[in-house]
Amino acid sequence: MNEDETQRVARCRVYYETKFQHVISEQIPEPLDAVLHVYLNGSPSASALSQQNRAAGLATANFWQNLSDKTDSPLLRFALNQLLRFDQAIPLSFIDLVIIRNPDLMRWAIRYSRLFENPDSIVYKHLRAKYATEEWLEFFAVCDRLLVQLEPYKAAIHTLEKKLKFMTVTDFFCYLSILAWQKYFDSMLAGKSADFSKVYDRLLQMKLVTTKAETLQVTSESKIAQSIRQHLMPLLIPESYPLHTYLQCVKNLQLVVELFWNTQELIDYEGSIDWFCYDEKCRYQYGENKSVLFNEDDSESIRWDQTGQKSTLLWHYWLNRGVEQFLSSEMANSQIGSEEYQDANLTAVTKAMRSCLQLEALYGIGNTVAVTEDTDIPLFELMLTNELHSAMFAKEYVSPLHNRIVAGTPLLVALKDLMMHGFVDGENRLPFTWSDLKAKTSRIKDWYLSEQTSDSREAKAQAAISFWSQNLKSVSDELKNSNRKPIAKLHEKPFLQLGNFFLQLPWLMFDSNHFNAAVNNLRRLNNRRPELKTETQQAEEHLADSMRKLGFHVVVGYQPAKTVEDDVGEIDLICHQGGTVLMLEVKTGYVRSSSAEIWLHKNTTLRKASWQLQRKSAKFPTMLLNDESLKQQLGISGADYQLHCWIVDTCIEFDGQLIGGYRVVSRETLEVVMRDEMHMLCSLERMQPVRNTLYPDGFSAQKFVDVIESEAVWTKCGLAV
């Protein structure tokens, strides 16, 4: 460590030690927690200071010497996990000190940080060399076992990738598309709802890493046609090809099947490691004929099952609202597309309306979305683009294939029949489709009927294609970059640009959740958009308007007076009615799809929101005392009020839970309660004509709070919470 680096670390250490002493002098409980929050929130925040400087400064602070035996908390575990990310800068004496006080605390930090996956870790090498108690040896054995179980699948995948390296992306899709249709219909006939999206994402990414860059710059359709002739047609019409060609394609298909199976198994075992790392109910053991991992109890499994049920009910809720909006619109009495497609198109329009309602209410997305600096597209038409594609694929692919498969037709024969009928109709009904930008634009431009001219419709079509596309050459380059940006999942950007052409995968497209895809395009993949701040403000204003309709006085974005010592930051919403005050911290994030992402959201975004509410709520009496305008805006005349502080989160995973002592309320749950629409939490066919109100004796602010804090919506839906 050079002199400048030493000074920066010392500067951080002094900062944390000073903060610790200040907290003690203020007689604030849990002074270590207060310092850890400051560290986790990125302070001190001077530009010259790196994350590693802060980590080393915290680890060398003198207050660790006073850490009592068995000190433990979720916050401390997470902070130690963050320190271990910079294990090369953390003194080994600090590691030993924590272990002396509480060895299990360090084991949790290792699990959270996944340090055991790094064979070159200085800290992990030190631990393995120094600690040989029964508890540590069992822990090391479990970590080793979890990693060893991945190796056969990694080795098999490596071998198979080498065997398949000769294939271009379109060659690969010829086989993957057949396998994907087989997987879909196998699951359908078995009455299961299997989701292989993670496998497809991984397979495409692996292929893009090993594919030569020049093969991703396809300028002629003849290249795609060559793949079809060499790799797909021999399987669909074997009688037209030499036997050896057919047998080679069968062999290739089997290799792709093996690659799929090994990738799926690898992902499943990686899921076991995620379970070990992020599930606080996960326990471990090591021995003959024993499961390495097991749950302490089934509470987490029950909670995740309930989360899934909530998501399903909310899906129906928004669809029902979409139906309501459609029936009240001019489109309800209009012919949408050809008569043949009328029913499918009606469903697509309704789903697009549903997504627009969600995006506006939850995320503050306006009527248009900026695709580039100079181009935007109406939100409804953006969503309709994917919904109409899904409707087309469902009608033209899924339905005819389903009928043939159910009748006992082998898949390859069914795919051949579909292809031949497509040829007769002048349509491409191969297992995957493609077209250049001109053809694609021409095909969908008439979907944008709000535009008066052909040129304006073409512009909207190209904007939609751009929004939903990922360039496979760019993705390939990004995957090879150690500091890469987030990579789009297939359902998030389902138009795959391969040179001059756009590929689509009907087996993936027809059943995708396009609302989730839109959210993640806007919030995960493009989280630095200039519109983001405005959208967040609009989401807060939308919530404020809904609260005002219930009779609340609402103040949005209140900034308490700053002092030299403290700035608690802006308060998103303060609401008051009849002595009931709500302080709301609103969080609008993307849709998370892995336990690691969900765990990180809890320990970063929600943890910080809880910390912010703690500080802001403590200052609230002073705010009212010093700011007469605030009291007037809220309609508070005295000190006789009850303050409730909630974290309002667009994610559903922690709905109803307490984080740091503060309740998390799903923004969607709040929407149902504010609108008193629990009767819409069901399929359209089951919806009752009479509203089952949440306020049988009339609405009041306290009853509103009671409904939220008792989770009455979900208990009335039959979910034990």
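Reader: Which helices and strands each supply at least two residues of the lining of the second largest pocket?

Author: The model is a predicted one, and the lining is read here by element. Helix H1 (3–25), helix H2 (31–40), helix H4 (74–84) and helix H24 (595–626) each supply at least two residues, as do strand E11 (580–587) and strand E13 (658–659).

Reader: Which of these elements gives the most to the lining of the second largest pocket?

Author: Helix H24 does, with 12 residues.

Reader: How much space lies in the second largest pocket, and which residues are the closest to its centre?

Author: The space amounts to about 1600 Å³. The lining consists of 45 residues, of which Ala-34, His-37, Trp-611, Gln-614 and Arg-615 are the closest to the centre.

Reader: How many residues of the lining are nonpolar, polar and charged?

Author: The lining of the second largest pocket holds 18 charged residues, 14 nonpolar residues and 13 polar residues.

Reader: How many residues of E12 are buried, and what joins E12 to E14?

Author: Of the 8 residues of E12, 6 are buried, and the strand is mostly covered. Strand E12 (residues 642–649) runs parallel to E14, and 4 bridges join them. Among the partners, Val-648 is bridged to Val-665 in E14, and Asp-649 is bridged to Ser-666 in E14.

Reader: Why is strand E14 described as largely enclosed by the rest of the structure?

Author: Strand E14 (residues 662–666) has 5 of its 5 residues buried, so the rest of the structure largely encloses it. As a general point, the side chains of a regular strand alternate between the two faces of the sheet.

Reader: In which sense do E13 and E14 run, and which residue of their hairpin takes a positive phi?

Author: E13 and E14 run antiparallel and are joined by 2 bridges. Ile-659 has Tyr-662 of E14 as its bridge partner. The hairpin of E13 and E14 has 2 residues between the strands, and Gly-660 takes a positive phi near 60 degrees.

Reader: What is the strand order in the open sheet of 4 strands?

Author: The order is E5-E8-E7-E6, and the pairing is mixed. Strand E5 (433–436) and strand E6 (469–471) each have a single partner strand and stand at the edges, so one side of each has no neighbour in the sheet. On average, neighbouring strands of this sheet are turned by 30 degrees against each other, direction ignored.

Reader: How many bridges pair strand E7 with strand E8, and in which sense?

Author: Strand E7 (residues 495–498) pairs with strand E8 (residues 501–504) over 3 bridges in the antiparallel sense. Leu-498 has Phe-501 of E8 as its bridge partner.

Reader: How many disulfides does a search of the whole structure find?

Author: In general, a disulfide is a covalent bond between the sulfur atoms of two cysteines. The search of the whole structure finds 0 disulfides. For Cys-645, the nearest cysteine sulfur belongs to Cys-575 and is 11 Å away, whereas the cut-off for a disulfide is 2.5 Å. Cys-717 is also in no disulfide, and the nearest cysteine sulfur, that of Cys-682, is 8.5 Å away.

Reader: In which helix is Lys-703 placed, and how accessible is Lys-703?

Author: Lys-703 lies in helix H27 (residues 701–709). Its relative accessibility is 31%, so Lys-703 counts as partly exposed. Lys-703 and Val-690 are 13 residues apart along the chain, and their C-alpha atoms are separated by 21 Å.

Note on methods. Residues are numbered from 1 along each chain as its sequence is written. This is a predicted model: local features need pLDDT of at least 70, side-chain atom pairs count only at pLDDT 80 or more; totals for chains, interfaces and linings use all residues. Side-chain values use heavy atoms; hydrogens and water are left out. Two strands pair if DSSP finds at least two bridges between them. Axes are lines fitted to C-alpha atoms, for helices over the stretch in contact, and angles run from 0 to 180 degrees between N-to-C directions. On a 1 Å grid over the protein atoms alone, a cavity is a set of points where a 1.4 Å probe fits but cannot get out, and a pocket is an open set with protein on both sides within 12 Å along at least five of seven lines; lining residues have an atom within 4 Å of a point. Grid points are joined across faces, edges and corners, and a volume is the space filled by probe spheres set on the points. Ala, Val, Leu, Ile, Met, Phe, Trp, Tyr, Cys and Pro count as nonpolar, Asp, Glu, Lys and Arg as charged, and the others, Gly among them, as polar. Buried means under 20% relative accessible area, exposed over 50%, partly exposed in between (1.4 Å probe, protein chains only).
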